[in-house]
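The sequence and structure come first, and the notes follow.

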Amino acid sequence: MKTFQMGGVHPPENKISEKAAIEVLPLPQKAFIPLGQNLGAPAKAVVDKGALVKVGQLIASGEAFISANVHSSVSGKVARIDNVLDHSGYRNKAIVIDVEGDEWEESIDRSPAVIRECNLSSEEIIQKIKEMGIVGLGGATFPTHVKLMVPTDKKAEFLIINGVECEPYLTSDHRLMLEKGEELIIGVTILMKALKVEKAFIGIENNKSDALENLKRIAADYKGIEVQPLKVKYPQGGEKQLIKALIGREVPSGKLPLEVGCVVQNIGTAFAVYEAVQKNKPLIERVVTLTGKSVKKPANYLVRIGTPVNNLIETSGGLPEKTGKIISGGPMMGKALVSTEVPVVKGTSGILIMNEKESHRPLMSNCIRCARCIGVCPMGLEPVLLAQLSANERWEDAERERILDCIECGSCHFTCPSGRPLLDYLRVGKNKVGQLIRTRAKKI
Amino acid sequence: MDTLTISGSPHVFGGQSVKKIMYGVVIAMIPAMLVSLYFFGFGALRVILVSVVSCLIFEYLIQKHLMKLEPTINDGSAVVTGILLAFNLPSNLPVWIILVGALVAIGIGKMSFGGLGKNPFNPALVGRVFLLISFPVQMTSWPVPKPVFSSALTDAVTGPTPLGLIKDGLKLGKTVPEIMSDPTFPDYIQTLIGNHGGSLGEMSAIALILGGIYMLIRKIITWEIPVAYIGSVVIFTGIFWLIDPTYYADPLFHLLTGGMMLGVFFMATDMVSSPMSRTGQLIYGVGCGVLTILIRIWGAYPEGVSFAILIMNAFVPLLNKYIKPKRFGEVVKHG
């Protein structure tokens, strides 16, 4: 069975919510919809305080090249546009809406009927995706329409769909593949049309055999879609690792997947694209896994964007006693939240609750130069060396040792027997090297 | 909920620790320890105990009083150094010499560089070579193995190692087959199980190989260094043996005698003082093998494992600097 060769680790999978069918979470009383939910520039608000909005109405417009529209996920009245604590741990601009009823824009098709035919051209599809504010739902939240615009000097050959869900605990993509298989395969065909490619690969790790079988069966009726089982290994969901595992091509250092003719989209994004293009529905809700060993009812919820995390926790039986840490995303790459008041955003794939005992890092001791971090690095880097260079502020050397290739998967810190926070050092280093390169570019 | 812990990812960990690795090495040394107890009885027990306890005490005292640090003697690294040092000593060594060895190993070999993980040389080997140069007579008079349950009454107290026998025999103008045909010369089976003269831990090749396999399975060591070391020894000695079997001993003899297996599996693979990249480890292993045989065949000492590994330790920073792992995306492949 296929997988990527270089490095990788096997954290305990802990997919405790994989049997829980997707449940619709009740509407919140207040929705907090941040303007910056995508990678790139935040959107600009186009409604004022006091405005009445419907579900699906545009409330902030992504004007910069790399930006995405934001739509209201609820109906009601704009209470204020204010700085609100979000998943980043900082206060950022958000539109706060007092929820009244559940009135949808009439243009949105809310019927459960599956629409298979799509007669739009490539440009029209991309325009539609842009309008509907679709971003990558795997967690990176890169605006999808930008990714689909292939520069004239490049050619896309393959669409790669990421159904790997290699993060432990998370099951939202898994449930989507089981319950919305037909829709997301249609989403894949729409993405293929947008990119003008004949072939798409869907990569799924073989710990989700039911999802694999389901998509294989459905994809058999569509041309050019191949569902490929992959051997479980973290971080297979990394773009470069996934391409390597599926078609054996290696994206060159510092380049995008397009360099080897690939565009990678998450499986959840394919579903959002289906809804946007076929149902005219903006990205206003998503599937979020609420999980953790001490959670009473681990679940997968369909959540309106802007719903406070607290609502999910309460619906799953409340915050467990002795909670130590709440993570937005998975345990390998997720962010620790500072409060349960922060809203679910487009990039929230899961909320993981860890008890006090699990919440602390192992104590740090001297590096014993065992080279395990080098062995597990999926990018072939030397985390121990990069961490040293970063600690000593030797940014140029760090750049030469390709610190910017680091995908921040955390395998190095995960595996370090001395409990050294290698990725912390690397993040600082990447940041500084990035600044250095930008100032250099300005001087020229 | 009173407080939430905030930290960067990752939030789960593999559960490995320095302690687990070090005590894994200790477990791997148990077979060789049992063999030494069987052949040398109380003498072996005395050397091992004195060496381990003194290494622990020296590390504690230096950390607490000289370096003013919180002592970390329960991480197991001083225990490993203590056992390895004992393995490299004859079982009749006076206690005070063992203490000197332990002080040099821990004090100079390890702590003077800053402690665990910072030492360029294998501390146990530093201690052993210091003793070998300072006390050559005591360090090279090896008691003849006398199994605990054997009824044989031998008066012989000490005898040379097989490597020493070869070296001395060649000086007297004998050929290798002549030396080996002497009834007192141990055969391959005896060297394999450890019934021959030598330091207390290097006796039994089979016990050391068992330990090595255990460490490979538990991924405490990687295969590169042992394979490169053994491979280069076989090829290097094989060439000379084929050229002139009357003057050069065969590869199997070289593999099974002296500190070869101890060096291959426990000394050269010390993660602190060996290279980090896989290719670097291969080069290092070959270097160890070639140097060991150079010293054994043409050097003044009959045995060369300790010196070879120490010399290669000195090359490790260079190997780490210039031998890099293959980067992802370095070679563009279209498949």
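Domain bounds here come from an automatic or database domain assignment. On that basis, chain B is divided into domain 1 (18-139) and domain 2 (160-322). This is a predicted model, in which local features need pLDDT of at least 70 and side-chain atom pairs count only at pLDDT 80 or more, while totals for chains, interfaces and linings use all residues. Residues are numbered from 1 along each chain as its sequence is written, and chains are lettered from A and ligands numbered from 1 in the order in which they are written.

**Domains of chain B**

- The C-alpha centres of domain 1 and domain 2 of chain B are 21 Å apart.
- Between them, 29 residues of domain 1 of chain B are in contact with 30 residues of domain 2 of chain B (contact: C-beta atoms, placed from the backbone, lie within 7 Å).
- On the domain 1 side, the elements that give two or more residues are helix H1 (18-40), helix H2 (42-66), helix H3 (77-87) and helix H5 (123-134) of chain B; helices (H or I, at least four residues) and strands (E, at least two) are DSSP runs, numbered from the N terminus.
- H1(B) gives the most to this side, with 12 residues.
- By class, this side of domain 1 of chain B has 21 nonpolar, 7 polar and 1 charged residues; Ala, Val, Leu, Ile, Met, Phe, Trp, Tyr, Cys and Pro count as nonpolar, Asp, Glu, Lys and Arg as charged, and the others, Gly among them, as polar.

**H1(B) against H2(B)**

- The axes of H1(B) and H2(B) come within 6 Å and cross at roughly 135° (axes are lines fitted to C-alpha atoms, for helices over the stretch in contact, and angles run from 0 to 180 degrees between N-to-C directions).
- H1(B) and H2(B) are therefore oblique to each other; angles under 35 degrees count as roughly parallel, over 145 as roughly antiparallel, 65 to 115 as roughly perpendicular and the rest as oblique.
- Met33(B), Ser36(B), Leu37(B) and Phe40(B) of H1(B) meet Gly43(B), Ala44(B), Leu45(B) and Ile48(B) of H2(B).
- The residues of this helix contact divide into 6 nonpolar, 2 polar and no charged.

**Contact between the chains**

- Chain B puts 37 residues into the contact and chain A 54 residues.
- The chain B side that touches chain A has 16 nonpolar, 15 polar and 6 charged residues.

**Chain A**

- Chain A has 13 helices and 17 strands.
- The C-alpha trace of chain A spans about 65 × 50 × 50 Å along its principal axes.
- Of the contacts in chain A with a separation of 6 or more, 74% join residues 24 or more positions apart.

Definitions and conventions:
Contact = placed C-beta atoms within 7 Å.
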